[in-house]
Structure formats: structure tokens, C-alpha cells
Amino acid sequence: MRTNPYTDLLTFLTAGQSDQIGLGPWRWVMMALFAILVLGSLLVAAREWAEDPRQRTGRDLGVWLIRFLIGCMWFQNLFWKMPLFSTENGLYFWTSEEVKTAAFQIHRDLVATWILPTPNFLYVDVLVFLTELAFAASLMLGLGVRLVGVIGVLFVAQLWLGLYQHPQEWPWTYVFLASLMALFALIAAGRSLGLDGLLRRTHPPDMTNGAVAAFVRVAS
């Protein structure tokens, strides 16, 4: 149960939330990974600020902060996808809800027939976990943000339609999140104090060839 932003943040950082406690020792592994991503984001931002005068603007700082916060949100969401390879987690519950609340019957049938039955759901659970982990890492580090933004729009659109009729959900919530992911892609948010900016300086798409340049051209 939420209390206030300060207490809730402290509880999360000390791995004291119910989803975290339920993981046992694994919660500390997850929090160590979170600490690495936070430190990595700060170090990348500091380096880009120091080395590229063009990024020393309020706009770039603001884009980095928003990107960082949404990345943290994606990371926190990982906890209720665990334990992995199990139907005893929050993802299974909310996916089950889509059978009753999806906007279209074909969506409900797809979830009921192909997603929920085991062992299918066990693989879906891991796939969703890894996808959201990729979202978190990408946004926090500013790496491949354009590509992740596009994928994120599609990912959130499924949630929007799947929970559209749920009485405890507000459809606009997912529209706002999808819009943020789309904006990250449109404005290439990873170029603001992120690794995408570093890659574009060291591997300019119009001056290099090969896999790295192709990734820079598409993802950043």
C-alpha cells in the first residue's frame, strides 16, 4: 500500500516492498543491477556534459532526467514479473484479466488460447521480463532509444487494448506512456547526455560503415 513518495522511494531502495520481499535473496541481485544502471546513467551523463558542449543545455538535462525516470519506472515494474517461469506472479494475474477486459474479442481469444496456457505463459513471462529490462537499461543509459521507443509504443498498445475495459484501469494512462515512448523515439532522447550521443560522435553514420554504424543510424 502506498503511503507518500518519500517513504515509498526509501522502501523501494531498501528492497522492502512486498514484490521485492517475495523474491528472497534475489531482490538484492535486482537492486544491485538497478544500482549499476543508476550509476551508469550518471557517469554517462557527466561524461557527455564534460565532453560535448552542445549538450550543456537545459533541454538536454531535462530530456535526460525524464528519460532516466521512465527507465526507473520500467525497472520497478520488473519485480511483479517475478518469480520467472511461474504463474504465481503479478503478470499472470493481469494477463488473465485481459481475457475479460480486452477491447476486442479476438484479443481475448488470443490471450486465452495462446498466452495463458502453460508452458506458453512461462516463456511469455521471461520474454516480457527481458523486454522491460531492455526498456529500463536503454532509457537509463540512453542507448538505442529510438528503436526501444518504437517497440515500447507497440508494447504499451497491447496493454491499452488488453485492459481497456478493466474497472480499475484508466485507458489514458497507457496512452500517456505510449506517447512518452513515441516522443523519446521522435526526439532521439538518447542523444541528450546518453550513449547514443557518444556513439554518434565516435561513429558518425555518414562517415563509417559496418554493424556499429548501422545500429547508430537506426537506433539512435
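Contact here means heavy atoms within 4.5 Å, and the views below are taken from a predicted model.

**View 1. The contacts of Phe34 in the predicted model.** Leaving aside residues up to four places away in sequence, Phe34 touches Phe12, Leu13, Cys72, Phe75 and Met140. Phe34 is also listed with Met30, Trp74, Phe75, Phe79, Leu139 and Phe184 as the residues that touch the most other members of the largest nonpolar core.

**View 2. The largest nonpolar core, a set of 39 residues.** Two or more residues of this core come from each of helix 3 (26-51), helix 4 (58-77), helix 7, helix 8 (145-162) and helix 9 (171-186). Helix 7 gives the most to the core, with 8 residues. In soluble globular proteins, nonpolar side chains tend to be buried together.

**View 3. Ala134 in helix 7.** Ala134 belongs to helix 7, which spans residues 120-141, and Ala134 is partly exposed because its relative accessible area of 38% falls between the 20% and 50% limits. Although Ala134 and Trp74 are 60 residues apart in sequence, their C-alpha atoms are 9.0 Å apart in space.

**View 4. Gln55 in the loop between helix 3 and helix 4.** With a relative accessible area of 4%, Gln55 counts as buried, because that term applies under 20%. When residues up to four places away in sequence are not counted, Gln55 touches Glu48, Trp49 and Asp60, as well as Arg191, Ser192, Leu193, Gly194, Gly197 and Arg201.

Notes:
Residues are numbered from 1 along each chain as its sequence is written. This is a predicted model: local features need pLDDT of at least 70, side-chain atom pairs count only at pLDDT 80 or more; totals for chains, interfaces and linings use all residues. Side-chain values use heavy atoms; hydrogens and water are left out. Helices (H or I, at least four residues) and strands (E, at least two) are DSSP runs, numbered from the N terminus. Buried means under 20% relative accessible area, exposed over 50%, partly exposed in between (1.4 Å probe, protein chains only). A nonpolar core is a set of buried Ala, Val, Leu, Ile, Met, Phe, Trp, Tyr and Cys residues joined through side-chain atoms within 4.5 Å.
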